[in-house]
Amino acid sequence: MPDAVFDRMQQGTMRTVYRGVPFFKSPFDIALYLQLLSRQRTGTVIEIGTKFGGSALWFADMLTAHGNRDGRVVSVDIEHLVDFDDARIDFLHGDANSLDKVLTKDLLARCPRPFLVVEDSSHQYRETTAVLNYFHDHLRTGDYIVVEDGVVSRLSGEQYRRYDHGPNRGVADFLDRHGVDYEIDTDLCDRYGHNATYNPNGWLRRR
Ligand SMILES: C[S@@+](CC[C@H](N)C(=O)[O-])C[C@H]1O[C@@H](n2cnc3c(N)ncnc32)[C@H](O)[C@@H]1O
């Protein structure tokens with residue numbers, strides 16, 4: 001996909017709402033998550049980076065729509081910007097760099113499997129790596145971890161340079177260390193064209 005297409009799509013993505021709440025997913029990724037949710041029969045979505053809660057609400061609704069009445073969403077953020085409650089969602093205060101403090105072993109043990117982990121926090125190398133490393137110890141075969149927004153490397157605006165290729169570098173370095181334990185799900189990454197997603201090479205399935 002030409003970079004200009006991503007530039008234009010980003011303008012729309014940043015104006016997207018779901019049930020009145022800002023929801024920062026691209027049209028490609030909304031479709032790709034639906035494919036994954038249909039296929040995986042996800043038990044719990046664990047999201048790092050809540051913002052206003054639009055994606056958490058969408059994930060909760062999508063679990064319900066897929067017939068999973070016990071489905072849970074756990075969403076962690078260093079800030080609290082959410083102004084609604086939903087019985088299916090736990091909004092937790094925490095830092096991507098110290099997830100063991102908030103996503104304790106006990107809490108994870110209570111979450112239905114399989115997991116879909118969504119790393120959507122700072123898009124810096126440090127947090128990307130911290131989240132991947134943390135979940136490496138907690139994922140089981142068939143769980144997914146999606147590293148969001150490697151697309152920042154392709155967006156032309158000066159504001160995107162501050163990410164310094166954080167998600168893409170984080171994924172590449174993690175796979176150098178642990179690639180034997182993960183499969184890049186190319187059926188998702190490349191479904192609509194090579195890496196036609198905001199998450200290039202970022203849809204990882206635990207083997
Ligand atoms: C891109 S927004 C999340 C968007 C949301 N998932 C959606 O799709 O609607 C990123 C969020 O990550 C949070 N964040 C940034 N650094 C963080 C950190 N170190 N730990 C936890 N959350 C962090 C920010 O406060 C912000 O709310």
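Seven helices and nine strands make up the chain in this predicted model. For a chain of 207 residues, a compact globule would have a radius of gyration near 17 Å, and the 16 Å found here agrees with that. Along the principal axes, the C-alpha atoms fill a box of roughly 45 × 40 × 30 Å.

**The sheet**

Let's look at the strands next. Seven of them build an open sheet with mixed pairing, and their order is β5-β4-β3-β6-β7-β9-β8. Which strands stand at the edges? They are β5 (89-93) and β8 (182-184); each has a single partner strand, so one side of each is left without a neighbour in the sheet. From one strand to the next, the twist averages 20°.

In general, strands of a sheet pair through backbone hydrogen bonds, in either a parallel or an antiparallel way. Here, β3 and β4 run parallel and are joined by five bridges.

**Around the ligand**

The shell around the ligand holds 21 residues, of which Gly49, Lys51, Ser55, Ala96 and Ser122 come nearest. Elements that each supply at least two residues of this shell are β3 (44-48), α3 (54-65) and β4 (72-77).

| Contact of α5 with α6 | four residues | six residues | two residues |

**Two helices that pack together**

Helix α5 (residues 125-136) packs with helix α6 (residues 166-178) at an angle of about 35°, and their axes are 8 Å apart. The crossing of α5 and α6 is right-handed. On the α5 side, the contact is made by Tyr125, Thr128, Thr129, Leu132 and His136. On the α6 side, the residues are Gly166, Pro167, Arg169, Gly170, Asp173, Phe174 and His178.

Most residues other than glycine have a negative phi, and most peptide bonds are trans. Two spots in this chain deserve a look with that in mind. Where is the cis peptide bond? A bond of this kind joins Arg113 and Pro114, with omega about -5°. Pro114 is found in the loop between α4 (105-110) and β6 (115-119). The other spot is Arg19, a residue other than glycine whose phi is positive, near 50°. Arg19 lies in the loop between β1 (17-18) and β2 (21-22).

Key: Residues numbered from 1 in each chain as written. Predicted model: local features only at pLDDT ≥ 70, side-chain atom pairs only at ≥ 80, totals over all residues. Near = placed C-beta within 6 Å. Helix = DSSP H or I, 4+ residues; strand = E, 2+ residues; numbered from the N terminus. Axes fitted to C-alpha atoms, helices over the stretch in contact; angles between N-to-C directions. Left-handed = near helix turned anticlockwise from the far one by under 90°. Contact = placed C-beta atoms within 7 Å. Nonpolar A, V, L, I, M, F, W, Y, C, P; charged D, E, K, R; others polar. Pairing = 2+ DSSP bridges. Rg over C-alpha atoms; globule rule 2.2 N^0.38 Å.
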